[in-house]
Each structure stands twice: as structure tokens, then as C-alpha cells.
Amino acid sequence: MLYDFAMLHLFLENYLAGARLIPADTTNAKLCWLRVDLLLMGRQFVDLLEQLRLAEATFIDDPETTFSVLYYRARALWGLEQKFNAVELLEALINHTPEYRMANTLLNEWKDDLA
């Protein structure tokens, strides 16, 4: 039910309350990535970076984890105004998986913003 309550907060755009429902050290992948999304939408970028560090360590055996962590880390860095680092991470991700979560579109938007 924890997942359902957190999703309810997501739909109500009450991102921080939803993120607080889910323990940061959860070993449930579905809950962890929902917490990541909630932190991103709630603009809690420092907490997001910490959650990504935990996710990377917890789900190291899942090859998708590396790509997800790179994507979300780039989004967090962009939110923290570390724009050039964010662009570099997203470019590295695109070099390995060009169609990952429409990263090309996001990268183009970011580059336009930097210009």
C-alpha cells in the first residue's frame, strides 16, 4: 500500500509528502525509483543525488541502473545550476543508449538554454 499512497501524492502533485513516505534505504526497486521521481519533481536535487547513490549501490546487478542513475544525476545537476556537468553526463548517456528516455530532446533543450 505504500506504493499506492506515494502514487496518490504524485497525482496530487504533493511530491515531497510522497517522497517522505518511502524510506531512502528501500531495497524495493519500484519504490526506490518512484522516490527518485518524486524527489526530482519536488526539486529536491541534493536529496535526489543521495538517493541515486543509494540506488546505485543497492541495484548494482541491474544493468538498467547505470543508465537511470546517469539520467537522473544529469537532471539533478541541471537543477542545481551545474549545467555543463549535466550536459556532459547526458551526452555520455546518449553515446551508449541514444534513445534513452528522450534524452536527445532534453539535451537539445539544454544546449539551446546554454546558447
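1. A salt bridge is taken here as a side-chain nitrogen of Lys or Arg within 4 Å of a carboxyl oxygen of Asp or Glu, and a search of the whole structure finds five salt bridges. One of them is formed by E56 with R73, whose closest N and O atoms are 3.3 Å apart. Because E56 lies in helix α4 (residues 45–58) and R73 in helix α5, the pair ties together parts that are 17 residues apart in sequence.

2. Two remarks on the basis of these values are needed. This is a predicted model, in which local features need pLDDT of at least 70 and side-chain atom pairs count only at pLDDT 80 or more, while totals for chains, interfaces and linings use all residues. Residues are numbered from 1 along each chain as its sequence is written, and side-chain values use heavy atoms, with hydrogens and water left out. Helices (H or I, at least four residues) are DSSP runs, numbered from the N terminus.

3. The axes of α3 and α4 come within 9 Å and cross at roughly 160°, where axes are lines fitted to C-alpha atoms over the stretch in contact and angles run from 0 to 180 degrees between N-to-C directions. That makes α3 roughly antiparallel to α4, a word used for angles over 145 degrees, just as roughly parallel is used for those under 35 degrees. The contact (heavy atoms within 4.5 Å) is made by C32, W33, R35, V36, L39 and L40 of α3 and by F45, D47, L48, Q51, L52 and A55 of α4. These residues divide into nine nonpolar, one polar and two charged, counting Ala, Val, Leu, Ile, Met, Phe, Trp, Tyr, Cys and Pro as nonpolar, Asp, Glu, Lys and Arg as charged, and the others, Gly among them, as polar.

4. Helix α3 (residues 29–41) also packs with α5, at an angle of about 15° and with their axes 11 Å apart, which makes α3 roughly parallel to α5. In this contact W33, V36, D37 and L40 of α3 meet T65, S68, V69, Y72 and R75 of α5, and by class there are five nonpolar, two polar and two charged residues.

5. Helix α5 (residues 63–79) and helix α7 (residues 103–114) have axes that come within 13 Å and cross at roughly 20°, and the two are therefore roughly parallel to each other. Their contact is made by Y71, A74, R75 and W78 of α5 and by L106, W110, D113 and L114 of α7, that is, six nonpolar, no polar and two charged residues.

6. Which residues does K83 contact, leaving aside its neighbours within four places in sequence? K83, which lies in helix α6 (residues 83–96), is in contact with L77, W78, D113 and L114. The side chain of K83 makes a polar contact with that of D113 at 3.1 Å, a polar contact being a pair of N or O atoms within 3.5 Å, of which, within protein, one must be able to donate a hydrogen and the other to accept it, and residues adjacent in sequence count only if both atoms are side-chain atoms.

How values were computed: Angles under 35 degrees count as roughly parallel, over 145 as roughly antiparallel, 65 to 115 as roughly perpendicular and the rest as oblique.
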